[in-house]
Every structure is written in structure tokens, then in C-alpha cells.
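Dear colleague,

I am handing over the structure below, and after it I set out what was found when going through it. Please keep it open beside this message as you read.

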Amino acid sequence: MDFEKTGVPGLDEIFKGGIRKNSSIIVKGGPGTGKTILALQFIVEGAKRGQPGLFISAEEELDDFRLYAKSLGIDLEKYEKQKLIFLVKQPVTLKRLISISVPLELIRSKKVKRVVLDSLTLFKYGVENELGYRKEVLDLINNLREVLFLATAEETNNNLDDLECAAEDYLFDGIVRLTKVRDANVFERALYVSKMRGQDHLINIFPFIIKKNGIEVYPKEIPFTLVKKGFRK
Ligand SMILES: Nc1ncnc2c1ncn2[C@@H]1O[C@H](COP(=O)(O)OP(=O)(O)OP(=O)(O)O)[C@@H](O)[C@H]1O
Ligand SMILES: [Mg+2]
């Protein structure tokens with residue numbers, strides 16, 4: 001099967017090679033769990049492979065975002081000049097919170113192959129009810145069937161044993177959950193793939209770290225081995 005690489009070292013091993021072409025993935029987690037960084041690595045991976053990418057930021061100003069990427073060693077402006085990455089700020093005002101509009105025309109004209117929406121959560125507030133939200137998200141996914149689509153979303157409850165599933169969990173093809181696990185006073189970042197339609201994947205929880213150049217997942221380790229082995233130095 002034709003797999004696409006996520007750009008996150010170790011994550012493609014959990015997906016047993018990568019993710020299916022044209023699939024839709026949602027990355028969920030609490031604040032500061034690494035959602036935006038993962039999304040950034042995903043879009044840069046496409047650019048490195050010559051696949052133009054569109055990054056839609058719902059809440060962060062683009063200049064702040066460029067600086068954030070730079071702090072992780074990613075020169076977004078270089079890719080923007082090469083027309084390999086397009087950054088768009090989703091204009092959100094109280095009056096215009098109703099629909100998740102993606103610039104489909106830009107996607108077509110620039111032959112965009114990867115799209116990120118960071119994050120989906122804001123749009124929950126723009127619709128009247130759960131049904132309206134579900135329809136919006138489904139339309140969004142269907143509109144982006146020709147590209148590899150990754151959205152991030154906030155997880156309201158970060159306790160892995162007590163997760164509540166939200167409407168979007170049923171609509172995306174795949175879900176990656178980012179969290180932290182705790183052993184006494186020690187926290188460790190951990191991740192798992194809770195579903196990926198149409199392909200086999202590892203189902204366990206794996207530790208990861210955020211280094212100065214982004215996320216690295218350790219698919220051969222179990223949580224807390226990183227602390228013991230000194231990986232986190
Ligand atoms: N240069 C860096 N080196 C190491 N860790 C970093 C670095 N930059 C950020 N981090 C870690 O990454 C976390 C933020 O990651 P990210 O912005 O991807 O989170 P997020 O899940 O998008 O959060 P939010 O929901 O608030 O947007 C920080 O809280 C910090 O722990
Ligand atoms: Mg973020």
C-alpha cells in the first residue's frame with residue numbers, strides 16, 4: 001500500500017509504515033501536549049517531499065507562528081518563498097464563527113497535497129448544536145478528500161482511562177492522542193493511535209519527547225523507560 005510519512009520520527013512505525021494517502025487524521029490532547037508541533041512536522045515533511053502544504057491557524061497569529069517554528073529550527077519563510085508551505089489565518093469573528101471555511105481555491109490552484117487545521121475546537125462554538133457541528137466537520141473532511149488532512153483538537157479530559165469520545169472522533173479516519181503519564185513526581189509524554197481506518201497499527205501507549213527540533217516517538221519503549229535510560233537529557 002502507498003503510505004505517506006508523518007514527519008515525526010517513530011510515529012510511522014506505530015502506523016506500520018505511515019498513513020494512507022488522502023486520509024484524515026485528528027491529533028487530540030490537552031494544552032501543551034505537542035499538537036501544534038506535530039502538525040508543523042507533518043506539513044514540513046510534505047514540503048521536503050515536494051508536496052505543497054497549507055497550514056490553517058485558527059488562533060495563532062502568523063508572525064508568532066513563524067517565530068515559534070523558528071524556535072524549533074524550522075524556517076517556514078524559506079518554504080513559503082518556495083511556494084511549498086502556505087500559511088493562512090482563519091478569520092474568526094463572533095459573526096463569522098459559523099462555518100469552517102477552508103480556502104479550497106488555493107488548494108486547487110497551488111496543487112496542495114497536505115492540509116493542517118490547528119485547531120478544530122474553536123468551531124464547536126460556532127454551531128447551534130451537536131448535529132450542526134457534526135455536519136460541518138463531515139463536510140470539511142469530504143471537501144479535503146483529495147489531500148492528506150490533519151486537524152488538531154483539544155481534549156477536555158486528559159485522563160486516558162476516562163476519555164469521553166467527541167463527535168469528531170467518529171468522523172476522522174485516524175486519531176492520535178497525546179498525553180502525559182505520571183509516576184509519583186515524574187511526568188512523561190506519551191502517545192497512542194486510538195484508531196486508523198483501513199490499516200493495521202500498533203495500539204499501545206508509547207513514550208515521546210519534545211526536543212529542540214520537535215517530537216520524537218520511541219515505539220520500542222514503554223512509558224517511563226526513557227527516564228531510566230536517560231533519553232530525556
Ligand atoms: N524548543 C523546545 N524544546 C523542548 N520542548 C519544547 C520546545 N518548544 C515547546 N516545547 C514543549 O512543547 C509544548 C508545547 O507544544 P505545542 O505548542 O505543540 O502544544 P499544543 O498541544 O499545541 O498546546 P495548545 O493546546 O496550548 O496549543 C510546550 O509546553 C513545551 O513543553
Ligand atoms: Mg497548539
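Leaving aside neighbours within four places in sequence, which residues is Phe-55 in contact with? With those neighbours set aside, the contacts of Phe-55 are Ile-43, Ile-85, Leu-87 and Val-116. Please bear in mind here and throughout that this is a predicted model. Phe-55 itself belongs to strand 4, which covers residues 53-57, and it counts as buried because 27 other C-beta atoms lie within 10 Å, where 20 or more are needed. Between Phe-55 and Val-88 there are 6.2 Å in space from C-alpha to C-alpha, although the two are 33 residues apart in sequence.

As to the chain as a whole, it has 8 helices and 11 strands. Its radius of gyration is 17 Å, close to the 17 Å that the globule rule gives for 233 residues, so the chain is as compact as a globular protein of that length. The C-alpha trace spans about 50 × 40 × 40 Å along its principal axes, and 39% of the 233 residues count as buried. If one takes the contacts between residues at least 6 apart in sequence, 66% of them join residues that are at least 24 apart.

The next point concerns the ligand. Ligand 1 is surrounded by Gly-29, Pro-31, Gly-32, Thr-33, Gly-34, Lys-35, Thr-36, Ile-37, Ser-71, Leu-72, Ile-210 and Lys-212. By class, this shell divides into 4 nonpolar, 6 polar and 2 charged residues, and its largest share, 3 residues, is contributed by helix 2, which runs over residues 35-48.

The pattern can be set against a general rule: an α-helix has 3.6 residues a turn, so residues three or four places apart point the same way.

Finally, some details of the backbone deserve a careful look. Most residues other than glycine have a negative phi, and most peptide bonds are trans. The peptide bond from Asp-118 to Ser-119, however, is cis, with omega near 5 degrees, and Ser-119 is found in the loop between strand 6 (114-118) and helix 6.

Asn-22, which is not a glycine, has a positive phi of about 60 degrees; it is placed in the loop between strand 2 (19-20) and strand 3 (24-29), and it counts as partly exposed, with 15 C-beta neighbours inside 10 Å. Lys-83 likewise has a positive phi, near 60 degrees, in a residue other than glycine. Lys-83 lies in the loop between helix 4 (76-81) and strand 5 (85-89), and it is exposed because 11 other C-beta atoms lie within 10 Å, the limit for an exposed residue being 12 or fewer.

With best regards

Terms used:
Residues numbered from 1 in each chain as written. Chains lettered and ligands numbered in written order. Predicted model: local features only at pLDDT ≥ 70, side-chain atom pairs only at ≥ 80, totals over all residues. Near = placed C-beta within 6 Å. Helix = DSSP H or I, 4+ residues; strand = E, 2+ residues; numbered from the N terminus. Nonpolar A, V, L, I, M, F, W, Y, C, P; charged D, E, K, R; others polar. Contact = placed C-beta atoms within 7 Å. Rg over C-alpha atoms; globule rule 2.2 N^0.38 Å.
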